[in-house]
Amino acid sequence: NGKVCLWMNLLGFEMTDEDSGVERFLKDVGFKPDGVTLCLVATTPDGKRLSFDRIMNDPPWTEADFSGQIPVLRKIAQSPSLGESLLSSWWSPPKRLAWTDDAAWGVFAANMGVMAAIARKAGLKGLLIDDEDYPKTRQYELMPGEPPYRETCELARKRAREVFSRIFDAY
């Protein structure tokens with residue numbers, strides 16, 4: 001569509017400061033993308049780290065965990081040169097989710113719903129879903145000990161419906 005998006009690798013960086021550094025970075029590099037891909041990271045009051053790259057294995061997220069970041073994300077989304085910005089999620093879990101584990105997939109689906117709600121509240125265009133297998137857990141391959149192929153395909157379709165319905169409901 002002719003849009004240019006820049007990946008902003010903000011691993012470990014909680015965007016709670018009104019000066020997120022994004023505009024300064026873009027000015028320094030002299031590049032004017034249409035948007036950036038942003039990474040959510042937060043620390044809960046009890047010290048748990050929540051992160052876009054572990055969203056499949058994280059404990060349940062709440063919007064409150066990221067509430068301090070919404071004004072910064074909104075500022076980025078309202079920037080004339082960053083109106084096409086997205087929140088990133090990695091769908092390559094450090095620990096593989098069993099296709100038969102309703103509870104684990106339920107938490108992941110709910111976390112994605114929270115991420116979509118944050119993107120909507122911040123005025124971002126949506127989510128970037130990256131399913132590259134960075135930790136080499138082979139989440140999307142049929143593994144020994146799993147249900148037969150056809151049954152696993154049905155489970156995978158069910159999981160996709162669960163996750164995407166939470167995203168669509170929230171956004």
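## Confidence in the model

The mean pLDDT of the protein is 85, and 81% of its residues reach 70 or more, where pLDDT is the predictor's confidence in each residue, on a scale from 0 to 100. Over residues 1-6 the pLDDT is below 50, and this stretch has 17 contacts in the model beyond near neighbours in sequence, a contact being a case of heavy atoms within 4.5 Å. The pLDDT also stays under 50 over residues 9-14, for which the model has 14 contacts beyond four places in sequence. Where pLDDT is low, the predicted coordinates should not be read in detail.

This is a predicted model, in which local features need a pLDDT of at least 70 and side-chain atom pairs count only at pLDDT 80 or more, whereas totals for chains, interfaces and linings use all residues. Residues are numbered from 1 along each chain as its sequence is written, and side-chain values use heavy atoms, with hydrogens and water left out.

## Overall layout

The protein contains four helices and six strands, which follow the pattern β-α-β-β-β-α-β-α-β-α when read along the sequence. Helices (H or I, at least four residues) and strands (E, at least two) are DSSP runs, numbered from the N terminus.

Of the 171 residues of the protein, 45% count as buried; buried means under 20% relative accessible area, exposed means over 50%, and partly exposed lies in between, with a 1.4 Å probe and protein chains only. The accessible surface comes to about 9000 Å², of which 54% belongs to carbon and sulfur atoms, and such areas come from the Shrake-Rupley method with a 1.4 Å probe, where for residues only the protein chains shown count as cover. Among the contacts in the protein with a separation of 6 or more, 80% are accounted for by residues 24 or more positions apart.

Strand E5 (residues 86-90) has five of its five residues buried, so it is largely enclosed by the rest of the structure. Both of its faces are covered, with Leu-86, Ser-88 and Trp-90 buried on one side and Leu-87 and Ser-89 buried on the other.

Strand E2 (residues 35-39) runs parallel to E5 and is joined to it by three bridges, and two strands are said to pair if DSSP finds at least two bridges between them. Within this pairing, Leu-86 in E5 is the bridge partner of Thr-37. E5 also pairs with strand E6 (residues 126-130), in the parallel sense and over five bridges, and here Ile-129 in E6 is the bridge partner of Ser-89. The chain crosses from E5 through helix H3 (residues 102-122) to E6, and this β-α-β crossover is right-handed, a term used if, with the strands pointing away from the viewer, the path from the first strand over the helix to the second runs clockwise.

## The largest nonpolar core

A nonpolar core is a set of buried Ala, Val, Leu, Ile, Met, Phe, Trp, Tyr and Cys residues joined through side-chain atoms within 4.5 Å. The largest one has 40 residues, of which Leu-87, Phe-108, Met-112 and Met-115 touch the most other members. The elements that give two or more residues to this core are E2, strand E3 (41-43), helix H2 (70-78), E5, H3 and helix H4 (149-170), and H3 gives the most, with 11 residues.

Leaving aside its neighbours within four places in sequence, Leu-87 is in contact with several residues, including Leu-38, Leu-73, Met-115, Ile-118 and Leu-128.

Lys-136 is exposed, with a relative accessible area of 65%, whereas Arg-138 counts as partly exposed at 39%. The phi of Lys-136 is near 60 degrees, a positive value in a residue other than glycine, and the phi of Arg-138 is likewise positive and near 60 degrees. Most residues other than glycine have a negative phi.

Glu-146 also has its place in this loop, but it counts as buried, at 18% relative accessibility. Beyond its neighbours within four places in sequence, Glu-146 is in contact with Arg-96, Trp-99, Glu-141 and Thr-152. The C-alpha atoms of Glu-146 and Thr-100 are separated by 8.4 Å, although these residues are 46 residues apart along the chain.
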